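Dear colleague,

I am passing on the structure we spoke of, with some notes on what came out of going through it. Please have the sequence and the coordinates open as you read.

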Amino acid sequence: MRRLLPHPLLSVVLAGLWLLLVNQVSAGHVVLGALLGWLIPLATARFWPEQTRIRHPLALLRYLGILIIDIVRGSFHVAHLILRNPVRLRPSFVPVPLALKTDLAISLLANTISLTPGTVSTRLSTDRRTLIVHTLDTGDADALIAEIKQRYEAPLRQIFEEGSE
Amino acid sequence: MTPLIDILLSLLILTGATFTFIGSLGLARLRDFYTRLHGPTKATTLGVGCLLIASAVFFSVRDEGASLHEVLVTLFLFITAPVSAHLLAKAALHLKVPSLAPTPPPDSDKPSNSAD
């Protein structure tokens, strides 16, 4: 089973993507999508050494909701900062200690940070314990770290890692 | 097409255009490489997102059936924009591009297979 269908989730996502790409749902395309969803993970299995398991689908949905709200919020915030006098910005690099361990969760956190208010993730330390984040305008670095950990890292941890370590 | 949808579409397109413009304006107004990364990753993403929603609504109303290509474009955009920003920032740190903020101490340079 593991060898024939290494990543069931990825297969479903790929089949769904295929149907979106052709923009129609017909029997032929469902079969073709299923075939692609089966063959692509098989061919690329060596790129995905770890099995991803979503432990809390509902938490994932809530996370996506928070993410969308924060992207909108972040865009307004950055637009405001750009239009205001840029000389008054206080940019800084803030090291954020990570509690996440799996690759996927860390990548998602880094992406989230880049999409949300005034922060871009810039570098993951070699030991993968710290993510260096560039902020556009920081008053309080500790508050920022606390917000990232509580708002994004905790849910990601719950979704992908709870009970696995 | 009803006037209501026309108004909705115009609003979406105007909002999208405004955000895209502000994001690009950031490139000119902000003062160092790292702060300039912020405009395109966020404001422009939302701007293009608005334009894509407008496009999806327009084609869904005009033609039969929902137009879902735009969902894909949005999805890919939201996945790739932060990744490219991250790579640019990482490369800039590596090349020691001048920064307004004090840069973090360089990571240990020993080769590591976990670097990505």
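The notes below go through the contact between the chains, a pair of helices, the nonpolar cores and a single residue.

Please bear in mind throughout that this is a predicted model.

To begin with the contact between the two chains, chain A contributes 32 residues and chain B contributes 39 residues. On the side of chain A that touches chain B, the elements giving two or more residues are α1 (8-22), α3 (57-83), β1 (92-97), α4 (103-115), β2 (119-124) and β3 (130-135) of chain A, and the largest share, eight residues, comes from α3(A). Sorted by class, the residues on that side of chain A are 18 nonpolar, 12 polar and two charged.

Turning to helix packing within chain A, α1(A) and helix α2 (residues 27-43) of chain A pack at an angle of about 135°, their axes being 8 Å apart, which means that α1(A) is oblique to α2(A). The crossing of α1(A) and α2(A) is right-handed. Where these helices meet, the residues from α1(A) include A:Leu14, A:Trp18 and A:Val22, while those from α2(A) include A:Leu32, A:Gly33 and A:Trp38; by class, this contact of α1(A) with α2(A) holds 13 nonpolar, four polar and no charged residues.

The largest nonpolar core has 20 residues, of which A:Val96, A:Ile106, A:Leu109, A:Leu131, A:Val133 and A:Leu156 touch the most other members. At least two residues of this core are supplied by each of α3, β1, α4, β3 and α5 (141-160) of chain A, and α5(A) gives the largest share, five residues. Apart from this core lies another, of 15 residues, whose members include A:Val78 as well as B:Phe19, B:Ala43 and B:Leu46. To return to A:Val96, its contacts, leaving aside neighbours within four places in sequence, are A:Thr130, A:Leu131, A:Val133, A:Ile145 and A:Ile148.

Finally, a residue in chain B: B:Val48 lies in helix α3 (residues 38-62) of chain B. B:Val48 has 19 other C-beta atoms within 10 Å, and because a residue counts as buried at 20 or more, B:Val48 is classed as partly exposed. Not counting residues up to four places away in sequence, B:Val48 touches B:Gly16, B:Thr20 and B:Leu77. B:Val48 and B:Thr15 are 33 residues apart in sequence, and their C-alpha atoms are 9.5 Å apart in space.

With best wishes

Key: Residues are numbered from 1 along each chain as its sequence is written. Chains are lettered from A and ligands numbered from 1 in the order in which they are written. This is a predicted model: local features need pLDDT of at least 70, side-chain atom pairs count only at pLDDT 80 or more; totals for chains, interfaces and linings use all residues. Two residues are in contact if their C-beta atoms, placed from the backbone, lie within 7 Å. Helices (H or I, at least four residues) and strands (E, at least two) are DSSP runs, numbered from the N terminus. Ala, Val, Leu, Ile, Met, Phe, Trp, Tyr, Cys and Pro count as nonpolar, Asp, Glu, Lys and Arg as charged, and the others, Gly among them, as polar. Axes are lines fitted to C-alpha atoms, for helices over the stretch in contact, and angles run from 0 to 180 degrees between N-to-C directions. Angles under 35 degrees count as roughly parallel, over 145 as roughly antiparallel, 65 to 115 as roughly perpendicular and the rest as oblique. A crossing is left-handed if the near helix is turned anticlockwise from the far one by less than a right angle, and right-handed if clockwise. A residue is buried if 20 or more other C-beta atoms lie within 10 Å of its own, exposed if 12 or fewer, and partly exposed in between; C-beta atoms are placed from the backbone. A nonpolar core is a set of buried Ala, Val, Leu, Ile, Met, Phe, Trp, Tyr and Cys residues joined through C-beta atoms within 7 Å.
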